[in-house]
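This report describes one predicted protein model. Please look at the sequence and the structure before reading on.

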Amino acid sequence: MKKTVFASATRKAVTYSIVFTLAAFPAAIAGTASAEPAAAARQAANIGEAPAPVQYRIDARLDETNMHILGSETVTYRNTSKDTLRELVFHTYADANRSASTQSATFANSNKEILKNNPALKSDDFLGGIDIKEVAADGQPLTYNNANQAFTVQLKQELKPGEAASVQVSFDVTIPYGQERLSHYKDIINGAHWFPDMSIYNDGTHQWDRAPYSTTFESDYYISSDFQVHLNVPDSYQVLMPGTITTEEDREEAGRKTVSAAAANTREFVFFASPDYKVESVTRDGLTIEYYYFDNQPDKKKLVDRYIDQAFQAIGFFNEKYGKYPYPEFRIAESYVEGAAVEFSRAIQMGILQSKADPTKDTVFVHEIAHQWFHSLIGNNSEKESFLDEGFADFSSAYFFEKQGDALNGFQAVRFDESSFDAPVTSSNSEVGDLANPVFYVKGRQAIYQLYRTVGEEKFDAFMKEYFNRYEYKNASIDGLLQTVKDTLGSAAADEMDKSVHEPNFVLKQEYRLTDSEKAAYTHNVFQQAYESSLEVPDLPFETMSRIISKALQGEPVAIVLSDDAGDNEGQEKFVTDLKSMLAIFGIQPEVITGRRQLKSEMGKELAVSNIIAIGNAESNGLIQALKPGIIQNSGDIGFAWKDRMGKPEAEGAYIIKHPYNHDRLLLHFYWNRDKLNGEAEGPIAAQMSKVFNFTSDFYQYYEMGKTGKIISEKKLVNPISKFFAE
């Protein structure tokens, strides 16, 4: 590992000591345990590193009643640039919560859903921010300005290269309700971006980074720092933080305690707190992995233990391939931030584990662990060069699964995509807009995979180790990455990588893509797994329309039975064409039965073992007429009054029941109570057909439409994942 080396100074370093007026926030540090100043430095020595250029001492108190954090911090900053500085700049990302327009759009729909389901809440409850109360140095107040998430402090004396300055800030954070990175919801507090943290000074441009937090993606750009943090909380709270954690009873106030953490060479400092957290801790070979979770279902601990095992597997793999994870602990926080797992230094944030979750297939979990290398240890400006963390994390997840023998989540997933986008991989967040996933993740990992295939695994691994050694605890850049490629793999590899990441419309070379047969098999397997996972909902009825696709993907036969007038009904013919085209996407080739003679010959054989999709008017569909008594009986099981519904003029819809002759199979009937399917309802009927088959939609048992195609009645169950795709 390459140690951080500070420029030596011939003159004595200038240190500004700060006096904090306790009267301003008498409760902010009440009961705080006495800090041992050398704790973070000792931890740094334990992991083989010199003290970081930025050191924080934070004392804070959680006001869980009013959802505030009252705190003070002493920040010591060493000027490692070549410029003389006259001001220090901090990020106040908590102020992203001042308005909905500046909050992260990632969680906007989740917050809207929470607001809709809780009429007592107000929009303002989802807002918050940070108020700077006092800034001082050497007993004297300092001039400051906090605007647009940039907190600027004017120094009384200039800070020359190699010199250090300490400033102390008191602050009051209002924690918003909902599912932002800084938020409180139900029984948990998510504590990201909760204190003023040092910006990065660029001595090339002679400017501080003042960019506000991205509203579309992430803006995690930090200096690896040393933290000594003391957080006063109620006794009942379990608190997750990075670093070595100790707890001391508050001797001044009953029912409270101070949780302290020493975290050296740590890129950012977050906390998660809940009175309902359970903690599972496992130590192997000097590394302790802890999972903070809610004991909200039977055998939850067993599932958590499996996730911990997978975390050890992933960390071990990345240790071998890239470089050793240097910290003594790694922590995982379960939270209600749905649909958006988040990486932090020495910790990750995952959603609530579902009972049938499988850690050995959880690519998101491994992706977030990979961020410990590509974000936490090797930093980057994720506002301008997100590819450096997201692309490498996504490639690393595929690399891990490939070596575990998981073809579906390994390199086949990387090789599958053939789409291109105008935005190059090296685009900034603002340049890609809502295309962050296909550009940074998908195309980013393909660019890395192409390098891997070009040079071979042994040389690629050697390059990655060198990249890690050069940038551990530092911030990498695209230029630095390409220079490392050139130095380790040669100019030709560097030129190709340069082209891959900088040119628009990048696609993987043809020889590295899946063949047509491989793509068909891969698509089938992806859909099969997706449908099986989506149907693992507790108490989900057997009779659900998307299940017929899942059963077909598992190899069960499917037959489409048309009504007698199929050839004379242009609307029905188009509907069947659309249906067959949609099934073909899944690789499903149904048998199509068009006449009563064929129907009669297959009624006791093929149709007895097939899942059936019947089309058209019940009176003119021979299969519906033949199975009518059983259909009427089984329709009652889903609450579908078959006789009444079939007797309604100008109505159409669909219902799914158990096959009257084979209860291991399903019968789905798309019907219309008129002679022909035509007119303004054709489009809505086809769209609804596609919707009910989709694994991301809700689970339909029946629906009824009026003559214009509008749903007038339906029975469905909520699919938990549907809201994520709706967003």
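In what sense do strand β24 and β26 pair, and over how many bridges? Strand β24 (residues 558-561) and β26 pair in the parallel sense, over four bridges.

## Basis of the model

Residues are numbered from 1 along each chain as its sequence is written, and side-chain values use heavy atoms, with hydrogens and water left out. Because this is a predicted model, local features need pLDDT of at least 70 and side-chain atom pairs count only at pLDDT 80 or more, while totals for chains, interfaces and linings use all residues.

pLDDT is the predictor's confidence in each residue, from 0 to 100. The chain averages a pLDDT of 89, and 91% of the residues score at least 70. Over residues 1-37 pLDDT stays under 50. For residues 1-37 the model has 93 contacts beyond four places in sequence (a contact means heavy atoms within 4.5 Å). Where pLDDT is low, the predicted coordinates should not be read in detail.

Helices (H or I, at least four residues) and strands (E, at least two) are DSSP runs, numbered from the N terminus. Two strands pair if DSSP finds at least two bridges between them.

Five of the five residues of β26 (residues 611-615) are buried (under 20% relative accessible area, with exposed over 50% and partly exposed in between; 1.4 Å probe, protein chains only). In a regular strand the side chains alternate between the two faces of the sheet. Asn611, Ile613 and Ile615 are buried on one side of β26, and Ile612 and Ala614 on the other.

## Aromatic pairs

Rings of Phe, Tyr and Trp (its six-membered ring) pair if their centres lie within 6.5 Å; planes under 30 degrees apart count as stacked, over 60 as edge-to-face and the rest as tilted. The count comes to 63 aromatic pairs. Phe395 and Phe411 are stacked, because their ring centres are 5.8 Å apart and their planes are at 25 degrees. Phe395 lies in helix α5 (residues 387-403) and Phe411 in helix α6 (residues 411-416), so the pair ties together parts 16 residues apart in sequence. Both Phe395 and Phe411 are buried.

Tyr531 and Phe586 have ring centres 5.7 Å apart and planes at 80 degrees, so this pair is edge-to-face. Both Tyr531 and Phe586 are buried.
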